[in-house]
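Let us walk through a protein model step by step. Keep the sequence and the 3D view side by side as you read.

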Amino acid sequence: MLRSLEIGATLSGVESAHRDGLFWQPTIELSLDCFICERVGRTTAMKLGDERAVCLSRRDHKHFTAARISAFDATIQDDRLVLRSVVDFWWTPFRDAKRGTEATPLSRWVRLHYGYYCPHKEASGKGSVQTNLVRPWSPRCAQCETEIAVDAEAPSIRLLV
């Protein structure tokens, strides 16, 4: 059956010099239970516009799976970089082929990527946030070492019914 997850994230306290060059990249890595390889908690990578995602089922093996980014809205609101995204994916109940645990449509982990342009050094950089990091922390510009924002809260993942 077709299921959807809403993913939200905010970087607050965006530093003024980097504000106009800070953006969410339209790529998502998400923990999904994959009915194709019948494994739970597989990292699934997807890019906006792609019709399918890649299940990274093992370090040495990957395969396509039925998931895609169906909505991606990234905005700057005052001093915050805000993301709201929806991921659609096919899901069916199964037991994990190796561990025997039951599959669930709710994801437990997400990694979101951001990019930025440094006006001081005239160069670009990138970084990521994910649900399982210690917070708060402040990402720094790799070019000028300025704290560009604050990652104060974990990205949210909500199953849409």
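Which residues have the most contacts inside the largest nonpolar core? They are Trp24, Ile28, Leu30, Met46, Val87, Leu112 and Tyr114, in a core of 32 residues. A nonpolar core here is a set of buried Ala, Val, Leu, Ile, Met, Phe, Trp, Tyr and Cys residues joined through side-chain atoms within 4.5 Å. Buried means under 20% relative accessible area, exposed means over 50%, and partly exposed lies in between, with a 1.4 Å probe and protein chains only. Strand 1 (2-11), strand 2, strand 3, strand 6, strand 7 and strand 8 each give two or more residues to this core. Strand 8 gives the most, with five residues. In soluble globular proteins, nonpolar side chains tend to be buried together.

A word on the numbers. This is a predicted model, in which local features need pLDDT of at least 70, side-chain atom pairs count only at pLDDT 80 or more, and totals for chains, interfaces and linings use all residues. Residues are numbered from 1 along each chain as its sequence is written, and side-chain values use heavy atoms, with hydrogens and water left out. Strands (E, at least two residues) and helices (H or I, at least four) are DSSP runs, numbered from the N terminus.

Now follow strand 2 (23-34). Nine of its twelve residues are buried, so the strand is mostly covered. Strand 2 has two pairing partners to look at: strand 8 (residues 110-118) and strand 3 (residues 39-47). Two strands pair if DSSP finds at least two bridges between them. With strand 8 the pairing is antiparallel, over five bridges. There, tryptophan 24 has tyrosine 114 as its bridge partner. With strand 3 the pairing is also antiparallel, over seven bridges.

On a 1 Å grid over the protein atoms alone, a cavity is a set of points where a 1.4 Å probe fits but cannot get out; lining residues have an atom within 4 Å of a point. Grid points are joined across faces, edges and corners, and a volume is the space filled by probe spheres set on the points. The largest cavity holds about 60 Å³. Its lining includes Leu32, Cys34, Phe35, Thr44 and Trp90. Strand 2 gives the most to the lining, with three residues. Strand 7 (80-90) supplies at least two. The lining divides into seven nonpolar, two polar and one charged residue. In this count Ala, Val, Leu, Ile, Met, Phe, Trp, Tyr, Cys and Pro are nonpolar, Asp, Glu, Lys and Arg are charged, and the others, Gly among them, are polar.

Four strands form it in the order 6-7-1-10, with antiparallel pairing. Strand 6 (67-77) and strand 10 (156-160) are the edge strands, and each pairs on one side only. Strand 6 and strand 7 share ten bridges. Isoleucine 76 stands opposite leucine 81 there.

Finish at arginine 135, in the loop between strand 9 (123-130) and strand 10. Is arginine 135 buried or exposed? Its relative accessible area is 18%, so arginine 135 is buried.

Conventions. 1 Å grid on protein atoms, 1.4 Å probe; cavity = no way out; pocket = protein on both sides within 12 Å on 5 of 7 lines; lining within 4 Å.
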